[in-house]
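Work through the exercises below with the sequence and the coordinates open. Each task is followed by a solution in steps.

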Amino acid sequence: MTFMELAEARYSVRKFSDKPVEKEKLDAVLEAARVAPTAHNFQPFRIYVLKSSEAIAKIRKLTPCAFNAPVVLMVTVAEEEQWTNDLEKGFAAGQVDVGIIGTHLMLEAAEQGLGSCWVAHFPPRSTAEAFGLSRHETPIMLLPLGYPADGVVPSPSHALRKSLGELVKEF
Ligand SMILES: Cc1cc2nc3c(=O)[nH]c(=O)nc-3n(C[C@H](O)[C@H](O)[C@H](O)COP(=O)(O)O)c2cc1C
């Protein structure tokens with residue numbers, strides 16, 4: 001599969017089958033995150049693999065967007081490790097780094113035949129507390145992960161993308 005074929009084939013999955021995710025597949029997804037670039041190579045992220053029944057019950061209580069996935073990845077920024085821009089105050093790269101990590105996770109999941117969905121609709125502070133994270137670590141994304149349930153198809157929004165003319169400007 002070419003990169004473009006993979007990028008176009010990935011879509012958000014919000015209903016999962018009961019089939020467990022094999023360890024090798026999960027490892028491949030996590031490895032894709034490990035090789036991702038980060039600002040100054042500071043790698044200020046952590047990935048929590050929520051898969052015990054206790055952890056899954058906890059995350060499902062915190063957000064409706066854990067869906068019925070057998071595994072949920074929670075990606076956090078370790079704030080004290082992130083690169084900050086010394087040319088202008090107030091710009092740090094941790095969330096951007098997580099954006100890249102998350103993209104690698106989703107695309108490798110798709111390559112492995114797994115479904116996933118980027119989730120921002122969860123309460124970061126309550127989630128950090130519920131999982132006992134350090135005060136300096138903030139969860140930025142959740143990624144429910146598993147095999148798509150029978151009959152799952154891309155939602156209509158998967159096909160709705162602005163044209164390059166709307167998105168790209170030349171100077
Ligand atoms: C930063 C970000 C946050 C998102 N948060 C949620 C979410 O909380 N719940 C959800 O169901 N989908 C969420 N999505 C998925 C988007 O709705 C989805 O990617 C978009 O509609 C395009 O559809 P597609 O992924 O099938 O191509 C999120 C996606 C991104 C990139």
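The exercises cover the core, a helix pair, a loop and the ligand shell of this predicted model.

**Exercise 1.** Find the largest nonpolar core and state which elements supply at least two residues of this core.

Solution. Start with the size: the largest nonpolar core has 30 residues. Those with the most contacts inside this core are V72, L73, L105, L143 and L145. Next, assign the elements: α2 (23-34), β1 (45-50), β2 (71-78), α4 (94-111) and β4 (137-146) each supply at least two residues. Finally, take L73 as an example: leaving out residues up to four places away in sequence, L73 touches I47, V49, L105, L143 and L145.

**Exercise 2.** Describe how α2 and α4 pack.

Solution. First the geometry: the angle is about 145 degrees and the axes are 8 Å apart. The crossing of α2 past α4 is right-handed. Then the residues: α2 contributes A28, V29, A32 and A33, and α4 contributes I101, H104, L105, E108 and A109. By class, this contact has seven nonpolar residues, one polar and one charged.

**Exercise 3.** In the loop between α2 and β1, examine H40 and Q43.

Solution. Begin with the backbone: phi is positive at about 60 degrees in H40, which is not a glycine, and at about 45 degrees in Q43, also not a glycine. Then count neighbours. H40 counts as exposed because it has 12 C-beta neighbours inside 10 Å. Q43 has 17 inside 10 Å and therefore counts as partly exposed.

**Exercise 4.** Which residues come nearest to the ligand?

Solution. Of the 13 residues around the ligand, Y11, S12, A120, H121 and H158 come nearest. The shell divides into seven nonpolar residues, five polar and one charged.

Methods
Residues are numbered from 1 along each chain as its sequence is written. This is a predicted model: local features need pLDDT of at least 70, side-chain atom pairs count only at pLDDT 80 or more; totals for chains, interfaces and linings use all residues. A residue is near a molecule or strand if its C-beta atom, placed from the backbone, lies within 6 Å of it. Ala, Val, Leu, Ile, Met, Phe, Trp, Tyr, Cys and Pro count as nonpolar, Asp, Glu, Lys and Arg as charged, and the others, Gly among them, as polar. A nonpolar core is a set of buried Ala, Val, Leu, Ile, Met, Phe, Trp, Tyr and Cys residues joined through C-beta atoms within 7 Å. A residue is buried if 20 or more other C-beta atoms lie within 10 Å of its own, exposed if 12 or fewer, and partly exposed in between; C-beta atoms are placed from the backbone. Helices (H or I, at least four residues) and strands (E, at least two) are DSSP runs, numbered from the N terminus. Two residues are in contact if their C-beta atoms, placed from the backbone, lie within 7 Å. Axes are lines fitted to C-alpha atoms, for helices over the stretch in contact, and angles run from 0 to 180 degrees between N-to-C directions. A crossing is left-handed if the near helix is turned anticlockwise from the far one by less than a right angle, and right-handed if clockwise.
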